[in-house]
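Hello,

Here is the structure I promised to pass on to you. My notes on its salt bridges follow below it.

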Amino acid sequence: MRAKHLLKQTGLWTAGTHEKLNGHNRVLKMKDVTRHVVFLLTFLMGRSGGIELHSGYCIGTQCFALAQDPSDFTTAQNQCRDRGGHLMTVRSTVSHDIFNILLGDITGRFWIGLHLTAGCPDPAADLRGFQWVTKDSESDFLNWAQSFNSSCSAHACVSVSKEDDFKWTQKPCAENAAGFLCEYSFSDPCTGLAAEEGESILYSTPIGFKGEDFLSLPPGTTAVRMPAETTYVCFSQMWMQAPWSCEIHEGGCEHKCTVNPNFESTCYCPAGQTVNPANKVTCEVVANDPCLPLRCAHACFKNERDSYECMCNQGYKLAQDGRTCVDFNDCRDERQCPGENFVCVNHIGGFECVCRDGYKPIGDQCVDVDECASAPCEHMCDNTPGSYACSCYDGYKADPQSMNKCQLHCGMEECPAECDPNDKFQCYCPAGYIAEERGELTVCIDIDECEFVYCDQACKNTFGSYVCSCYPGYKLVGRYSCSKNEDDTDGGSGEGTTPSIPTAPPVPLPDPTRQPSAVTVGGLVGIIVCTVFFVVLVVFLAHHTLSGKGKMESSGELKAAEEEAHGLQTVASDA
């Protein structure tokens with residue numbers, strides 16, 4: 001089974017590269033970088049798409065977001081889950097204060113993550129029998145509406161609204177609310193960047209909302225400092241200035257990102273434009289583009305000699321002409337796609353990490369697929385790492401034409417027949433056997449196929465089949481025929497040909513709900529009785545015909561004798 005493509009797992013920096021952040025030099029080991037980048041890429045890409053979040057707020061290691069999308073309770077919970085979160089829990093006054101930030105000027109009711117999963121409300125309990133969508137009932141804050149209904153017919157889901165001071169109010173789960181509030185948790189947050197006088201900073205979170213005033217931000221958040229347009233990304237509690245790894249949002253570049261000969265991420269711009277030397281990511285028009293005369297296939301850069309030369313996008317290498325670019329096999333690097341059961345698949349301009357056949361991606365791991373869950377085997381199925389194996393019940397063996405199916409098998413001179421439990425007269429035998437009734441028991445007896453002279457020369461009976469072979473000086477042709485060896489010079493002496501083992505004349509393969517057909521002893525006796533009766537009938541008819549003819553001949557002779565006697569008597573009278 002082919003698994004879904006996983007994210008590329010490459011580092012933000014090559015081994016040994018130094019990056020100066022906040023006055024501290026850090027050398028990141030390749031293994032640690034890879035591990036963090038896997039998380040970052042998953043965070044960036046795994047939560048994209050879906051609903052539009054209209055606003056949000058982050059504090060500590062949590063973000064809360066508002067979606068003004070009319071939905072019922074279940075749909076709202078699924079929408080939050082699709083982005084890696086859940087409906088908002090309100091366990092403290094701090095969480096309650098978020099309502100004023102996100103819903104301060106908005107009317108209508110909005111779902112939160114509190115519902116009654118089963119049974120009736122319990123007025124004596126803190127959450128009154130309700131439960132958070134995180135499947136717990138812990139809370140340091142309660143804000144139930146006075147209209148709380150404790151009857152078993154009460155509505156089972158909870159919403160809040162500015163109109164009633166965000167009291168927890170019961171609402172039918174199947175009805176649409178004006179929207180819902182989601183909650184997301186993360187680790188290694190970044191604090192907001194300091195803005196100088198005349199500057200502003202716009203943050204874009206990977207969760208899907210933007211803003212300018214945040215106390216804490218999740219990894220993967222990008223920040224653009226205006227008016228300089230310098231771009232940063234939050235990574236492992238630090239802000240990293242663009243261009244960063246080309247694998248993430250094109251390195252923060254306005255146009256394209258690539259890796260220069262020094263293995264550093266760098267931005268480049270379309271022909272006629274150049275990278276802004278201040279922010280290193282945006283493009284600006286130039287009067288005389290020094291790259292135009294080079295006619296580079298992808299991009300050019302300024303080298304250490306202050307001259308320009310061509311370079312290629314990531315996944316390509318510069319050809320011998322110094323201008324065009326050709327693909328190279330990224331998978332030759334054994335560090336690509338680390339982790340158990342991953343394989344690297346190269347393609348033009350890059351590569352992908354996929355799971356081996358029989359595995360599927362769950363998070364950042366490849367997990368074995370239980371193929372037996374789809375019932376691929378006719379009898380028994382054993383799941384194995386990356387695959388599965390079919391086996392058969394006693395009295396059966398795997399069908400050589402289709403190994404996931406089973407056929408009857410004896411392997412002895414005789415064995416009990418397979419009988420229908422609802423009809424004891426419907427019994428079946430393997431191919432090469434015939435059924436015989438012995439009182440209340442029906443057994444399968446091996447047929448000696450050699451008696452039917454299937455083989456051209458020698459024949460050996462086997463259980464359920466037979467083997468053809470040839471005399472010395474001959475060789476087996478096909479299954480049954482023998483032909484003389486052309487190179488035989490010993491006058492016919494020597495060993496016979498070792499034959500292949502044919503099967504008995506095949507019985508059509510049964511469906512899983514049928515069994516191979518068979519002739520019972522009762523049926524065979526019936527055929528014999530009918531044959532004997534037919535022979536007796538023929539003999540009787542022949543005898544009757546012959547007897548009638550004899551009588552006619554005797555009657556004719558008597559009549560002739562009488563006529564002759566009568567003539568003699570007439571002659572005597574005349575005399």
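A residue is called buried under 20% relative accessible area, exposed over 50%, and partly exposed in between. Please keep in mind that this is a predicted model. By that scale arginine 109, at 23% relative accessibility, counts as partly exposed.

Arginine 109 has a partner: its side chain meets that of aspartate 164 in a salt bridge, 3.2 Å from N to O. The two come from distant parts of the chain, 55 residues apart, with aspartate 164 in the loop between strand 8 and strand 9 (169-171) and arginine 109 in the loop between helix 3 and strand 6 (110-115). Aspartate 164 is partly exposed as well, with a relative accessible area of 24%.

In total, the structure holds nine salt bridges. Another of them joins the side chains of arginine 91 and aspartate 136, at 2.6 Å from N to O. Here the loop between strand 5 (86-87) and helix 3 (93-103) supplies arginine 91, while aspartate 136 sits in the loop between strand 7 (131-132) and strand 8 (157-160), 45 residues apart. Arginine 91 is partly exposed, at 23% relative accessible area.

Arginine 225 counts as buried at 13% relative accessibility, whereas glutamate 199 is partly exposed at 26%.

Finally, a network of salt bridges links Glu414, Glu436 and Arg438.

Best wishes

How values were computed. Residues are numbered from 1 along each chain as its sequence is written. This is a predicted model: local features need pLDDT of at least 70, side-chain atom pairs count only at pLDDT 80 or more; totals for chains, interfaces and linings use all residues. Side-chain values use heavy atoms; hydrogens and water are left out. A salt bridge is a side-chain nitrogen of Lys or Arg within 4 Å of a carboxyl oxygen of Asp or Glu. Helices (H or I, at least four residues) and strands (E, at least two) are DSSP runs, numbered from the N terminus. Buried means under 20% relative accessible area, exposed over 50%, partly exposed in between (1.4 Å probe, protein chains only).
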